[in-house]
Amino acid sequence: MTVNEAGVFAGTTVADVVLWHDLHRLQERYVTVIDTDRLEEWPDLFAEDCVYEIVPKENADRGLPMGIMHCFGRSMLRDRVVSLRKANVFEPQTYRHLTSGLEFTRIDGQTIDMQSNYVVVQTLGDGESRLFQAGRYLDRVVLTTNGWRYQRKRAVYDTSRVQTLLVIPV
Amino acid sequence: MNQPANPSDAEKLVCFPREDGSRIPYEVYSSPQVYQLEQERIFRGPIWSFVGMEAEIPLPNDFKSTFVGDTPVVVTRDADGILSAWVNRCAHRGAIVCRAPRGNARSFSCAYHQWSYDCRGNLRGVPFRNGVNGICGMPADFDSNEHGLEQLRTESYRGLIFATFSDRTASLADYLGQQMRERLDRIFHKPITYLGCTRQYSRSNWKLYTENVRDPYHAALLHPFFSTFNLVRASTRIEHIFDQGGLHHCVMLFQTEDNSGAAAYKESKIASFKEGLRLEDLSILANVREFKEEANFQIQSIFPQLVVQQVQNSLVVRQLLPKGPQSFELIFNFFGYSDDTPEMVMHRIKEANLVGPAGLISMEDTFATELIQFGTAHAGGTLSVADMGRDAADTENARSVISEKPVRRFWRAYQEVMGL
């Protein structure tokens with residue numbers, strides 16, 4: 001959306017639409033690789049020196065740093081996937097992500113901050129689907145030679161009680 | 001629900017057929033009657049329950065809401081810094097008075113009729129106490145001093161706050177005992193900084209977790225991360241520290257070279273040992289020396305609501321809260337030391353990946369306790385077996401990963417407290 005010098009809405013440009021399309025597609029691809037169990041592709045959606053974190057809202061609201069998952073760099077994302085595949089013991093499960101309210105909060109050249117809501121519905125072996133986590137993505141994306149990638153992805157979750165365990169990233 | 005009136009009635013609830021604690025009736029994990037009795041004999045009995053860290057309420061008039069067993073309790077620090085705990089139930093009609101999980105307040109007023117209390121739970125205000133225009137009002141014999149919130153005895157040790165409903169139980173220092181105090185002294189040897197909490201909820205009985213932290217046997221087997229990266233193997237040097245009574249326990253695990261290359265795991269074809277597992281970023285497993293007595297792990301369980309954990313440089317005070325017979329909540333309170341460099345804080349945050357609800361080395365614990373809960377549904381009359389090391393000498397049990405002595409000791413102490 002373009003705003004003129006007087007702060008008045010001046011129409012949507014083709015560039016606005018393209019940017020919206022590209023970043024929406026990044027988000028769609030992100031949830032799809034997780035929800036279809038293509039987790040090996042998940043680290044590819046991040047920049048090399050990325051930060052990925054899952055933090056409860058109760059800490060974020062108080063400015064406390066601690067969360068349940070903190071990955072610094074893509075190697076730690078890959079380690080999480082290797083660990084999930086080979087070293088963690090848990091009940092087979094699937095996620096379905098629903099996202100809404102994508103908005104850009106800061107556009108600065110080739111770096112964009114964006115936020116959206118997410119809900120993860122988890123289905124376990126008993127055949128019941130449960131609302132596993134509701135939260136908000138606070139993302140910073142950068143334009144790389146491979147396209148838009150997450151420089152930082154912070155999932156701030158409302159559902160402070162994690163049911164049983166969290167092994168698949170949100 | 002009929003509450004047993006005395007221990008002889010209680011005996012009928014469940015039967016521990018052996019005196020050594022090696023046979024555990026599965027009903028203790030699901031019986032509503034046992035749960036009810038625990039509320040009476042443990043959580044409202046002569047036991048100190050952990051309710052919070054002083055670092056959670058560092059400033060005058062800070063408070064937090066929590067529980068002692070099922071009973072909602074608020075822990076406060078008043079303007080003079082004095083710690084108190086009171087039942088979060090209005091003395092008027094029983095409504096929850098404090099509805100915030102934490103905050104800062106000089107007084108607390110009930111939403112329903114606006115009765116108000118000070119930080120220590122004393123009744124300070126009753127609206128229209130003298131009526132309106134001289135009509136109605138409280139009777140002349142109404143004494144505010146008799147209508148405060150129910151207050152608990154509150155004491156803290158090394159910044160850990162405990163509360164009890166009992167007037168007759170020993171001081172907190174005696175309840176912990178010297179052996180347990182020494183372990184807490186090691187962890188809380190200098191001022192700490194609170195880094196936040198995470199919460200995990202399990203559909204299983206709270207005592208399954210109490211057993212879990214007393215059971216290093218499982219650590220060497222359930223968690224592939226432990227054995228594969230030689231954090232804990234069956235051959236790891238270990239030290240069990242017992243208290244006098246058996247309610248509490250501490251285990252310390254020391255870095256131990258395994259020159260056999262995990263031969264015992266390979267020969268036994270133990271499925272949870274993952275020979276091919278490799279990490280790209282090994283800094284997550286680094287242990288920065290910061291204690292005089294160097295151990296990779298110290299897991300200390302203070303019955304019933306506290307586990308203090310040092311896993312490498314990840315420091316956590318876990319609060320265990322029962323939520324009915326078949327559920328519990330686990331709150332992980334992370335902390336560092338006040339003199340940590342920014343790099344050390346980052347290291348602790350990185351190592352937090354090892355523990356908690358998404359912990360690489362321990363996420364399986366609540367999954368395992370749920371497997372037991374589901375597996376033992378309606379298993380009345382059948383028994384759990386805790387025989388490992390049963391005929392071994394105490395000196396052997398005290399330094400073996402493959403020992404269930406702490407589990408047996410716990411059940412003996414539990415029976416005593418419960419009168420079972």
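# Close-ups of a two-chain predicted model

**View 1. Strand β15 of chain B, covered on both faces.** On one side of β15(B) sit Phe297(B), Ile299(B) and Ser301(B), on the other Gln298(B), Gln300(B) and Ile302(B), and all of them are buried. Buried here means 20 or more other C-beta atoms within 10 Å of the residue's own, exposed means 12 or fewer, and partly exposed is in between, with C-beta atoms placed from the backbone. That makes six of the six residues of β15(B) buried, so the strand is largely enclosed by the rest of the structure. Strands (E, at least two residues) and helices (H or I, at least four) are DSSP runs, numbered from the N terminus.

Residues are numbered from 1 along each chain as its sequence is written, while chains are lettered from A and ligands numbered from 1 in the order in which they are written.

**View 2. The neighbours of β15(B).** Two strands count as paired if DSSP finds at least two bridges between them. On one pairing, β15(B) (residues 297-302) runs antiparallel to β14(B), with five bridges joining them. Here Cys250(B) has Gln300(B) as its bridge partner, and Val251(B) stands opposite Ile299(B). β15(B) also runs antiparallel to β16(B), this time over six bridges. Look for Phe297(B) opposite Val311(B) in that pair. A hairpin through three residues links β15(B) to β16(B).

**View 3. The β13-β14 hairpin of chain B.** Six bridges pair β13(B) (residues 237-242) with β14(B) in the antiparallel sense. Arg237(B) has Phe254(B) as its bridge partner. The hairpin leaves six residues between the two strands, and Gly246(B) in the turn has a positive phi of about 105 degrees. β14(B) (residues 249-254) is mostly covered, with five of its six residues buried.

**View 4. Where chain A joins in.** β7(A) and β12(B) (residues 192-202) run parallel and are joined by three bridges. Arg161(A) has Arg199(B) as its bridge partner, and Gln163(A) stands opposite Tyr201(B). In helix α8(B) (residues 342-351), the buried residues are His347(B), Arg348(B), Ile349(B) and Glu351(B). These buried residues of α8(B) pack against β2 of chain A, together with β12, β17 (314-322) and β18 (328-337) of chain B.

**View 5. The chain A side of the interface.** Contact between 32 residues of chain A and 32 residues of chain B makes up this interface; two residues are in contact if their C-beta atoms, placed from the backbone, lie within 7 Å. On chain A, the elements giving two or more residues are β1 (46-56), β2 (69-72), α3 (74-86) and β7 (161-163). The largest share, seven residues, comes from α3(A). By class, this side of chain A has 17 nonpolar, 10 polar and five charged residues. Nonpolar covers Ala, Val, Leu, Ile, Met, Phe, Trp, Tyr, Cys and Pro, charged covers Asp, Glu, Lys and Arg, and the others, Gly among them, are polar.

**View 6. Two domains in chain B.** Chain B is assigned domain 1 (49-157) and domain 2 (177-418), with bounds from an automatic or database domain assignment. Their centres, taken over C-alpha atoms, are 36 Å apart. Eight residues of domain 1 are in contact with 14 residues of domain 2. On the domain 1 side, the largest share, three residues, comes from β2(B) (residues 49-53).

Note on methods. This is a predicted model: local features need pLDDT of at least 70, side-chain atom pairs count only at pLDDT 80 or more; totals for chains, interfaces and linings use all residues.
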